[in-house]
Amino acid sequence: MIGIFKNSVAMAGGLFLGLASMYGNASEQGQDDWEVKIGAGVLVADLPWKGVGNEFAIVPMADIKKGNWFSNEDSTIGYQFLNLNDTFTAYAGLGYRNEGYDSLFGNTSSDSKVFDGYDAPDGELVLNYGARFLWFGVSGHTDLSDESDATNFALSAEVPLYESAHGFGISAQAQVRWLDSDYVNTVYGISGKNINASVGRTAYQTDDSAVNVTFGLNAYYQLTPEVTLIGSVSRTELDSVISKSPLVGDDTMDVAFIGALYTF
């Protein structure tokens, strides 16, 4: 998904790793022209938090480009400083990261007592950076706001499976995401005033990093030259370092999305 309005797209498990690349060439524009895509969709997620079932959200989307500058879900403001014939690209930008409980869906509600009185972590200002070569990408996110002091990395790939002359395409995606121990403790750990053994919220801190793995399918359909329908489904396998947290009730997360974009 592309969108500067949701603060926890990363928690969606890489659901929208490369949808933009699938339909991004639908309309050729000059390098210095404005390219604006806006839209909305429905996001459904089976979150791993204990006592939380399927959650639904209406998600606005926006992807804005002018020359080498861009704004999307990963970076509120970013700059592509290298582009070798659209084969190899590299970028850096600033964004917002929040993957704690009650961050992806404002109405997240657990029926587990473990969240009674729980104080979720604050979001972070992050430096985002990465590079992409053909179907493969690498990215990093570093906290700049002294919240988690964490840096996370991800390796991703998106392979086209089918593309028709009528504007329909499907691709397969995979992502391996490394989370350092500081970030695991910030999002899934329990310490200080958050400890409350009476509701099952026992202390939990770890020195181990975590590795989450995501697989999924993306699809798009060019309805008109301006309107593109997009959809995606994915499953993320959570590292045992995360699933051991008293806040977590499942070791997988499933996400589905369907929406539409309008290109100006």
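**A pocket and a helix in a predicted model**

Reader: Which residues lie nearest the centre of the second largest pocket?

Author: This model is predicted. In it, the second largest pocket has a lining of 13 residues. Those that lie nearest its centre are Asp119, Ala120, Pro121, Thr186 and Asn194.

Reader: How many residues in the lining of that second largest pocket are charged?

Author: Rolling a probe the size of a water molecule over the atoms shows where empty space is left. For the second largest pocket, the volume comes to about 210 Å³. Its lining divides into 4 nonpolar residues, 6 polar ones and, as for charged residues, 3.

Reader: Is helix H2 mostly covered or mostly uncovered?

Author: Helix H2 runs over residues 181-188. Buried means under 20% relative accessible area. Ser181, Tyr183, Val184, Asn185, Val187 and Tyr188 of H2 are buried. With 6 of its 8 residues buried, H2 is mostly covered.

Reader: Which helix is among the elements that cover the buried residues of H2?

Author: The cover includes strands E5 (88-97), E6 (124-133), E8 (151-163), E9 (168-179) and E10 (210-222). It also includes one helix, H3 (240-243).

Reader: At the start of H2, which residue's backbone nitrogen does a side-chain oxygen of Asp180 reach?

Author: The side-chain oxygen belongs to Asp180, at the start of H2. It comes to within 3.1 Å of a backbone nitrogen, that of Asp182.

Reader: What percentage of the residues of the protein count as buried?

Author: The secondary structure of the protein comes to 3 helices and 12 strands. The protein has 264 residues. Of these, the part that counts as buried is 46%.

How values were computed:
Residues numbered from 1 in each chain as written. Predicted model: local features only at pLDDT ≥ 70, side-chain atom pairs only at ≥ 80, totals over all residues. Heavy atoms only, no water. Buried < 20%, exposed > 50% of the residue type's maximum accessible area, 1.4 Å probe, protein only. Helix = DSSP H or I, 4+ residues; strand = E, 2+ residues; numbered from the N terminus. Contact = heavy atoms within 4.5 Å. Polar contact = N/O pair within 3.5 Å; in protein donor to acceptor, adjacent residues only side chain to side chain. 1 Å grid on protein atoms, 1.4 Å probe; cavity = no way out; pocket = protein on both sides within 12 Å on 5 of 7 lines; lining within 4 Å. Points joined across faces, edges and corners; volume = space filled by probe spheres on them. Nonpolar A, V, L, I, M, F, W, Y, C, P; charged D, E, K, R; others polar.
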